[in-house]
Protein chains: 6
Amino acid sequence: MAFDLITLGETMLRLSPPHFQRLEQTNTLEVNVGGAELNVAVAAQRLGLRTAYVTRLTRNPLGFMIANKAREHGVDTSHVVWTDGDRVGLYFVEFGASPRASSVLYDRQNSAIANIRPGEVEWPKLFSGSRAFHTTGITPALSPTAAQATREAVEKAKAHGLVVSLDLNYRAKLWTPAQARAVMGELVAQADILITTEEDAERVFGVKEPSFEKVAETLSRTFPNLKVVLITIRETPTVWRNTWTALAYTQGQILRGPLFDIEIVDRVGAGDAFAGGFLYGYLTQGVEAGLRYGVALSTLKQTNPGDLVWATKEECDRLLAGAGLRIVR
Amino acid sequence: MAFDLITLGETMLRLSPPHFQRLEQTNTLEVNVGGAELNVAVAAQRLGLRTAYVTRLTRNPLGFMIANKAREHGVDTSHVVWTDGDRVGLYFVEFGASPRASSVLYDRQNSAIANIRPGEVEWPKLFSGSRAFHTTGITPALSPTAAQATREAVEKAKAHGLVVSLDLNYRAKLWTPAQARAVMGELVAQADILITTEEDAERVFGVKEPSFEKVAETLSRTFPNLKVVLITIRETPTVWRNTWTALAYTQGQILRGPLFDIEIVDRVGAGDAFAGGFLYGYLTQGVEAGLRYGVALSTLKQTNPGDLVWATKEECDRLLAGAGLRIVR
Amino acid sequence: MAFDLITLGETMLRLSPPHFQRLEQTNTLEVNVGGAELNVAVAAQRLGLRTAYVTRLTRNPLGFMIANKAREHGVDTSHVVWTDGDRVGLYFVEFGASPRASSVLYDRQNSAIANIRPGEVEWPKLFSGSRAFHTTGITPALSPTAAQATREAVEKAKAHGLVVSLDLNYRAKLWTPAQARAVMGELVAQADILITTEEDAERVFGVKEPSFEKVAETLSRTFPNLKVVLITIRETPTVWRNTWTALAYTQGQILRGPLFDIEIVDRVGAGDAFAGGFLYGYLTQGVEAGLRYGVALSTLKQTNPGDLVWATKEECDRLLAGAGLRIVR
Amino acid sequence: MAFDLITLGETMLRLSPPHFQRLEQTNTLEVNVGGAELNVAVAAQRLGLRTAYVTRLTRNPLGFMIANKAREHGVDTSHVVWTDGDRVGLYFVEFGASPRASSVLYDRQNSAIANIRPGEVEWPKLFSGSRAFHTTGITPALSPTAAQATREAVEKAKAHGLVVSLDLNYRAKLWTPAQARAVMGELVAQADILITTEEDAERVFGVKEPSFEKVAETLSRTFPNLKVVLITIRETPTVWRNTWTALAYTQGQILRGPLFDIEIVDRVGAGDAFAGGFLYGYLTQGVEAGLRYGVALSTLKQTNPGDLVWATKEECDRLLAGAGLRIVR
Amino acid sequence: MAFDLITLGETMLRLSPPHFQRLEQTNTLEVNVGGAELNVAVAAQRLGLRTAYVTRLTRNPLGFMIANKAREHGVDTSHVVWTDGDRVGLYFVEFGASPRASSVLYDRQNSAIANIRPGEVEWPKLFSGSRAFHTTGITPALSPTAAQATREAVEKAKAHGLVVSLDLNYRAKLWTPAQARAVMGELVAQADILITTEEDAERVFGVKEPSFEKVAETLSRTFPNLKVVLITIRETPTVWRNTWTALAYTQGQILRGPLFDIEIVDRVGAGDAFAGGFLYGYLTQGVEAGLRYGVALSTLKQTNPGDLVWATKEECDRLLAGAGLRIVR
Amino acid sequence: MAFDLITLGETMLRLSPPHFQRLEQTNTLEVNVGGAELNVAVAAQRLGLRTAYVTRLTRNPLGFMIANKAREHGVDTSHVVWTDGDRVGLYFVEFGASPRASSVLYDRQNSAIANIRPGEVEWPKLFSGSRAFHTTGITPALSPTAAQATREAVEKAKAHGLVVSLDLNYRAKLWTPAQARAVMGELVAQADILITTEEDAERVFGVKEPSFEKVAETLSRTFPNLKVVLITIRETPTVWRNTWTALAYTQGQILRGPLFDIEIVDRVGAGDAFAGGFLYGYLTQGVEAGLRYGVALSTLKQTNPGDLVWATKEECDRLLAGAGLRIVR
């Protein structure tokens, strides 16, 4: 079975106290699952791509739950690597209100995916006939063996002719900028698409420019193999209200996505929904469509709780066509 | 027993996912009941009118629940028509966040009220000694027999000397503009009060004017029998924050209601609370008071969940007198 | 893609008030999905069969939710027939306490599957290489066209050499015993496996015998094509505590399953979990294993909320091996 | 407007922690309303009597809530006495599990009804044309003025020819047995119907007999004016499982109600549902029917949460006819 | 055992409907505890002071809950006065949305603390070696004996050389401005620190000035014993969005705290968190630090539900250092 | 500050799905904290002992929550060892229904307490003047360094003349029987009190006897230093209904505690509540009182959710005096 998009990475159980409670005060936790690469696969699937997700999971109810949620969204999980050991990583989200930002507490050490090793995934079988591969800077940051396994995946993807997409996604709790630069530099040098933010571009690659456009351009020059560099752009006048857009640098020119004023329900996973939406548009129509679907889908993502996006292609189309804010009956 | 206000129409079970969840993702639904004409009766009762509500309901727990909720608010249900057949209509509400508007999914086909027929309600008994009758454009849109039953009610109300109030309430999922124009035109031609919005005036009667005031004036000229034409006016800078007001055209002049900046908890039922508040003020003091109570009550409605309004006359009076936003101890 | 088991039938949104509330008093509904044939597919998948589920669904969030839940359990939904019309059926469950039995209120008329017609499903594609087909007496009871579509499926399944399994599942609200006898008699006459209860055997086929064993035997003689006749047996000393077992008549002899004393959390779907468990055991090892897995899986089903079973094969094995009631650490 | 049954007494806000939590550990309280006499009115209304409820309430949201809940069940509240002072009484319920019994913590001092005085209710208007009056030993125990107001009500009820029904309902936290004997002795001497338990008969009137039958007989001899004496009988093998029945002594003979084995969801209000069911049967058909409806309705009451009963007459009839414990579809 | 801060006052059970429901419509209440002086002790403890809280409580689960919550935050309760009589006060909070302000309904009459009398608390033991004492204008307003007990506490605190801090906290439902002026005037004349708002300064002491600064200065001149006068300043453009700051007048000069734009989750207890934060900063570093910690801590308080603050000193430091609104990973 | 009882061990965040849901199916987790030794300290404190709890915790909101909950119950936490590293252990509880037992899934590896080392706790300061020390077989099983730290604590407790109490508490997921025997044998040889079950006595020390009494006697002979050996005894006819008692062997004789028939709400922590209740009775009155309070308190524990017991000494006394199952008003 061939796929339009295959992603690799960690999904954690996500636990969050309701209604702006602090973690320390809560007696209930809402349960979701989330992780950058699953979020991307779900997003792309919502719009119509056939997607598969690869990870390593402990064979217990928490691991099953993660695979179930992927399947619920139609994402193939037949290449997940199962183990009886290790654990399922967790993370806790506290939702904020100005001037208290939302925050995340990770408890992901020694998770099953951190112990993945090259050779555990049947990449040739999975990549054969498939179109694109996506991962992020989180996966190689999990452990040295995870970094090796990520490198193996990227190399095999290239070898099978897949489009390789990377989201830089720097996580300071997992590794240093220097470590990230070494590993990600090597991976980006093999990629076709790079998605990042101004901050991460500076932290990982030291790219400091006066404009978002220049950041994209510089990255593109640094890694001439890249066909598209995408920068997502968020302004945060308050915690509950943000603006959101993205731009692309491709073939020497800048393309700008639409900008939306968002009432934030849950911004976690926005960048991932952008990546999934972009890849849908890119693979079906090109960079410009990718930018539009990426921004639209990730905008809608931020209006529902959970890491995963539940919007439809029709909703993206209506939003892009200028749907109003009146109740839809 | 005589009533100040009698309303006729459908009430549905209203099911909504909590906390901005999409319907597709939820595992819990909050249960309310709602329907334009019950909402109006409840609103008027909150301010002090004696009200009765007429509908047709299936004799099962869902039907009982609807009658119970009317009674909970002191609305008389002794003229509800009960049947062992048909079903209770449902609707699902998804609450939005900018730029995703709230939306409603109806599942109301073959409901008991859609199968109402002329002759099933003892209108003479109910109208005798009563003061006003209100229905909306939704009731005749439910089915041809419902349209006939609505026409019967309006004609009998006129015959018994009741004030007849109509809310145009166009629902595109129920009928076409042409159908609405034919049926509603005939009903409005018998009414004393017409409540609508700029959009509905255009969609149903083709009234397109440069200002809200002109819309009201034109409707008033088209239907010279109307003593009052009311236009409710909403601005939606964001989904969570709207402004809300209304104006009236009566006896050749425009009256303007107060305007409120609202943090939206639940805007469903606002127009109905306006109608109920207006009818209270109109029947007890006149058009100007009606406009003030209508806007105040419907403003407060939008700050609590559910179709029904829970505010009191004292709260309306305080709001109209300029109550501040500090905590009331 | 070939499957071990393919099922056909209706899945509804299942709405239930929490904590023994009466429907009339509730303000919250728990949302699940359920329907006999999906329940069977999920049960079989939990134990390891590759399953597909066929139904007809409205293309709206409720329809999507049903397909999602099937996929969450790994059940293939690629042959679901989608429509923009009709509706998704609903049912409400009230959980009882002695001496008040639990009860179900259906609101399923005019659902999408009731309007299914022969020719809408690509049966040859689906059946090619597959092993078994299962449906119940509910599907043909939904409408005359649904009966035709069911007959088509059974005939094509036979033609493709699949094991055909039927659960009699008589629903008095959908058709009369005479209607059921006519339609089901024709289907059972083509089946390999019949699952039913003493009550349904009497209501549909007029089989009244002094023992469960005799009921099975008589059914087997009436329909000599049947390879296995299964009778599920429930005793209800109280609403919260039941005993549960099943027996099989096959090749002229009676096989008895284990009997369990169950503290009932939710008995809806027990018969379906039995069918799914039986088909797993039957297809992998034979009638006796089928009986054991059927009873074990359906017993565990009754200890968790929802129509669907969440137990694992390991849990069935432990239960059959005599696991105790002490906490498992 | 005339009523079949009028009751007088206190209704409190009832707050209970969910799922067997201790009050000290909870962070959520479920809100119901409850009080013996409202419970009786609701029970009788469920079966078909026209009922009115009289109390004294503070004009605040908690007082409104109590009146609303009465109205929700169709109970007339137009004779409720409203005040701007005092407070709404509260009580907290902790649900038990063997060997910990359920328990109630009252916070009802200085409630509005405790300050009721004779002359505040328009009894002649309310009693004119009505059929029965019911109150309990709780109302006069609330305060000396409440005792006077209760006496006034009983006397006026007798004067207007109403059937007077009393439930002894001794509350040790409100008064001493001696106080209860003095006040209740005077009231029972004017009553037609007395409902009580063996324990209360002993605590208030010192009636100690070897059998329930003898208790009823002795009470009947002590108060020869009584037409019926009813004893409700509960056995509590465990907290979650009780048996429940009642007997009547009338015209020199004993009548026995049916006995039910109950899985207890919430036993608070059972005695009141018995009284309401009895009065329905008594007023429409006689003592025997009263006993049957009383036991059936109060049995069903114990299977749903809250003080109030939500069962229907049809459900009582089915239960009395021997409905089984299988799921009702 | 010696404490940095000891507070005296009432804590109530706080009951609030979820999600902007009106009290009249709710069926669930969230349970917290709150009261000005406990709130202050908790706030100070969060930042590092050793605190003790004194009150009078009824020995029942509600009283235990209040003491438990104090202990949960590390506040010493060994000097709480316990009684078997009286009751635990309650208050209900309705959360508002513009233009409906949040509101509080008190049910606190006859609470245990209202019946406190001088001599019940072992002040000398508690004050010996301790550093500061804080109470508010609510405590003496509860009853004449509570006023005497408050006066006793202040006098003994002065005698033991403690810093005495008062929050004026005028409650119109408890006493008149004249009564407040008489009692509080006497107490403020013995205090070192006075915390109040422009409104309360005017209502209680008739101080009306053109600026906040002038109000502080005038209070300082009126009560020359005061070392610091603090004014908290809130602007309420909408219910969900406020600005918040404070200023201090000390040693003839004005100090200004930082100003924050707050998305309001729950503003109840903000003033108390300010007092607690101020006292921490004042006792450890001086007035300026007090102002900064007071504003920071009370700002963070408003972003979580409940009267009590759950922020940490580190979070205050980050906020004061200019933390952004981006998610913290 | 001196304590009656000091305990040492791990407390975890306890997460459990509501209403018998399987972990795999849930979307909400109830949050409690629990761990054998904290449970014991809380239990003893509920009855009146002054207790302190020692553990090692990560300085984050989860660690704070654990310390807070200890403090909420009045348990001193001033000797908790805090670290910025490691993590807070978690465990998940699934509540069962016959024949599915409840089960626990641990995720406790690399928790802060597992990395405790000798010398980190100021035992001399804590033990000076204190009366008893308690830990369980879980603490030394966490890691080799935790075993060393436990040994250090026991030795120092003995040296300071404290009563040393041990609960054998064998956890097969943490170590082998042989490992447990080696470590626990050494510790039990220094203890005064040993609490265990028949199963653990066999698994750890190979004690297999025909009666509970003989098990206690044999253990007592094996470890002649033991002053008391306690065996808790549970029968599990069903998951929701157990019997529970305990016996003691002391000074050559058997003492038997009362036996209770329990409707199980949550049995986790029962053994710990027994230990806490026993230590209270033992330290204040002797072995017989210990046995009675131990059984009574642990019985009540099983009727409320959570690891911790919320019952009072008065409730234990009432239960031991034969309180009935009728509602307590």
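This is a predicted model: local features need pLDDT of at least 70, side-chain atom pairs count only at pLDDT 80 or more; totals for chains, interfaces and linings use all residues.
Visitor: Which radius of gyration does chain A have, and what would a compact globule have?
Guide: Chain A holds 329 residues, and a compact globule with that number would have a radius of gyration near 20 Å. Its C-alpha trace spans about 55 × 50 × 40 Å along the principal axes. The radius of gyration of chain A agrees with the globule value, at 18 Å.

Visitor: What share of the residues of chain A count as buried?
Guide: A residue is buried if 20 or more other C-beta atoms lie within 10 Å of its own. Of the 329 residues in chain A, the buried share is 62%.

Visitor: Among contacts in chain A between residues at least 6 apart in sequence, what share join residues at least 24 apart?
Guide: A contact here needs C-beta atoms within 7 Å. For chain A, the share of these contacts that join residues at least 24 apart is 69%.

Visitor: How many residues does the contact take from chain A and from chain E, and what are the classes on the side of chain A?
Guide: The contact takes 22 residues from chain A and 20 residues from chain E. By class, the side of chain A that touches chain E has seven nonpolar, nine polar and six charged residues.

Visitor: What axis relates chain D and chain B?
Guide: A rotation of 180 degrees superposes chain D on chain B, with 0.0 Å of shift along the axis and an RMSD of 0.0 Å. That is the relation of a two-fold axis.

Visitor: Which C-alpha in chain D is nearest the axis?
Guide: This axis is the one for the 180 degrees rotation of chain D on chain B. The C-alpha nearest to the axis lies 1.9 Å from it, and belongs to D:Glu72.

Visitor: What percentage of the contact residues of chain D recur in chain B?
Guide: The contact takes four residues from chain D and four residues from chain B. On the side of chain D, they divide into no nonpolar, two polar and two charged. The same surface serves both copies, and the recurring share is 100%.

Visitor: Where do the buried residues of helix H8 in chain E lie around the axis?
Guide: In H8(E), residues 212-222, the buried ones are E:Phe212, E:Val215, E:Ala216, E:Leu219 and E:Ser220. They cover an arc of only 130 degrees, which puts them on the same side of H8(E). Their cover includes strands S11, S12, S13 and S14 of chain E, and also helix H7.

Visitor: In which sense do S12(C) and strand S13 of chain C pair?
Guide: Strand S12 of chain C also runs parallel to S11(C), joined by four bridges. There, C:Ile193 has C:Val228 as its bridge partner. A hairpin of five residues joins S12(C) to S13(C), and C:Leu230 stands opposite C:Ala248. Over eight bridges, the sense of the S12(C) and S13(C) pair is antiparallel.

Visitor: Is D:Gly269 buried or exposed?
Guide: D:Gly269 sits in the loop between strand S15 and helix H9 of chain D. Among the residues it touches are D:Asn39 and D:Asp307. There are 27 other C-beta atoms within 10 Å, and the cut-off is 20, so D:Gly269 is buried.

Visitor: Which residues does B:Val183 touch, not counting residues up to four places away in sequence?
Guide: B:Val183 has its place in helix H6 of chain B, residues 177-188. It is buried, with 20 other C-beta atoms within 10 Å. The residues that B:Val183 touches are B:Pro140 and B:Ala147.

Key: Residues are numbered from 1 along each chain as its sequence is written. Chains are lettered from A and ligands numbered from 1 in the order in which they are written. The radius of gyration is taken over C-alpha atoms; the globule rule is 2.2 Å times the number of residues to the power 0.38. A residue is buried if 20 or more other C-beta atoms lie within 10 Å of its own, exposed if 12 or fewer, and partly exposed in between; C-beta atoms are placed from the backbone. Two residues are in contact if their C-beta atoms, placed from the backbone, lie within 7 Å. Ala, Val, Leu, Ile, Met, Phe, Trp, Tyr, Cys and Pro count as nonpolar, Asp, Glu, Lys and Arg as charged, and the others, Gly among them, as polar. Helices (H or I, at least four residues) and strands (E, at least two) are DSSP runs, numbered from the N terminus. The arc is that of the directions from the helix axis to the C-beta atoms. Two strands pair if DSSP finds at least two bridges between them. Copies are superposed by least squares on the C-alpha atoms of residues with pLDDT of at least 70 in both.
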